[in-house]
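Let us walk slowly through one protein model, starting with its open spaces and ending with a single side chain. Keep the sequence and the structure side by side as you read.

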Amino acid sequence: MSDTTSPAPLVPRKRPTQERSRRTFESILNSAREVLIDVGFESLTCEQIATRAELPIGTIYQYFANKYVVVCELDRQDSSTVRDELNEFASEIPSLEWPQLLEKFLDHLADLWRTDPSRRAVWLAVQSTPATRATAVINERILADQVARILAPLTPDQRDRRAMMAEVLVHTAYSLLSFSVQDGHDHELTVYELKRMLGGYLMLEEVSGHA
């Protein structure tokens with residue numbers, strides 16, 4: 001990020017290089033997801049994560065300075081999974097058939113958010129402080145860069161705008177998926193409106209480009 005006033009991204013103190021340490025690292029993250037779902041971010045502590053993972057608290061701190069770094073790593077993990085899945089979808093459907101790609105991928109994302117409560121829990125957690133939000137923005141931008149490449153055939157003359165379009169698409173999708181799984185909200189209806197919103201947005205761009 002070029003803004004020097006933005007907080008530095010929150011990252012682990014170190015990343016595992018051996019199989020045993022990778023298993024420990026994953027156990028910490030999996031346990032953090034479980035505790036986050038159970039108690040929420042405000043009540044989440046590294047001690048609770050250590051207890052759930054059946055690890056000494058010192059092992060947690062070897063990798064993570066605090067719970068804010070933990071949730072940022074969970075967000076990076078979720079974003080990485082989405083990027084891998086988006087690559088698979090993009091390879092299945094030709095770029096000229098972007099409406100089908102959009103609908104199929106949004107259905108897939110919606111199912112993830114509906115069946116995995118940690119998706120929303122993590123997304124809400126990283127909105128909690130300036131530093132976690134700044135790190136989440138970096139993760140979203142990496143995903144948006146990928147979306148922008150997929151949009152390239154649709155917006156050949158809008159290279160600069162394309163990056164902003166992709167960021168708007170990603171953040172809007174995440175925000176409305178979070179909204180869709182709140183108690184009292186109609187998930188399927190919200191996803192339907194999300195498809196209409198994003199599909200109409202892209203269709204307008206396509207029509208303007210042809211004009």
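On a 1 Å grid over the protein atoms alone, a pocket is an open set of points where a 1.4 Å probe fits, with protein on both sides within 12 Å along at least five of seven lines, and a residue belongs to its lining if it has an atom within 4 Å of a point. Grid points are joined across faces, edges and corners, and a volume is the space filled by probe spheres set on the points. What you see is a predicted model, in which local features need pLDDT of at least 70 and side-chain atom pairs count only at pLDDT 80 or more, while totals for chains, interfaces and linings use all residues. Residues are numbered from 1 along each chain as its sequence is written, and side-chain values use heavy atoms, with hydrogens and water left out.

The largest pocket holds about 180 Å³ of space, and its lining includes Leu-36, Phe-41, Trp-113, Arg-120 and Val-181. Helix H1 (19-39), H5 and helix H6 (117-125) each give two or more residues to this lining, where helices are DSSP runs of H or I with at least four residues, numbered from the N terminus. H6 gives the most, with four residues.

We turn next to the interior. A nonpolar core is a set of buried Ala, Val, Leu, Ile, Met, Phe, Trp, Tyr and Cys residues joined through side-chain atoms within 4.5 Å, and buried means under 20% relative accessible area with a 1.4 Å probe, protein chains only. The largest such core has 30 residues, and Val-147, Leu-177, Leu-198 and Leu-202 are those with the most contacts inside it. H5 supplies its largest share, nine residues. Leaving out residues up to four places away in sequence, Leu-177 touches Leu-109, Ala-110, Trp-113, Val-191 and Leu-194.

Finally, consider Arg-162, which lies in helix H8 (residues 159-180). Arg-162 counts as buried because its relative accessibility is 12%. Beyond its neighbours within four places in sequence, Arg-162 is in contact with residues including Ala-148, Leu-151 and Pro-156.

How values were computed: Buried < 20%, exposed > 50% of the residue type's maximum accessible area, 1.4 Å probe, protein only. Contact = heavy atoms within 4.5 Å.
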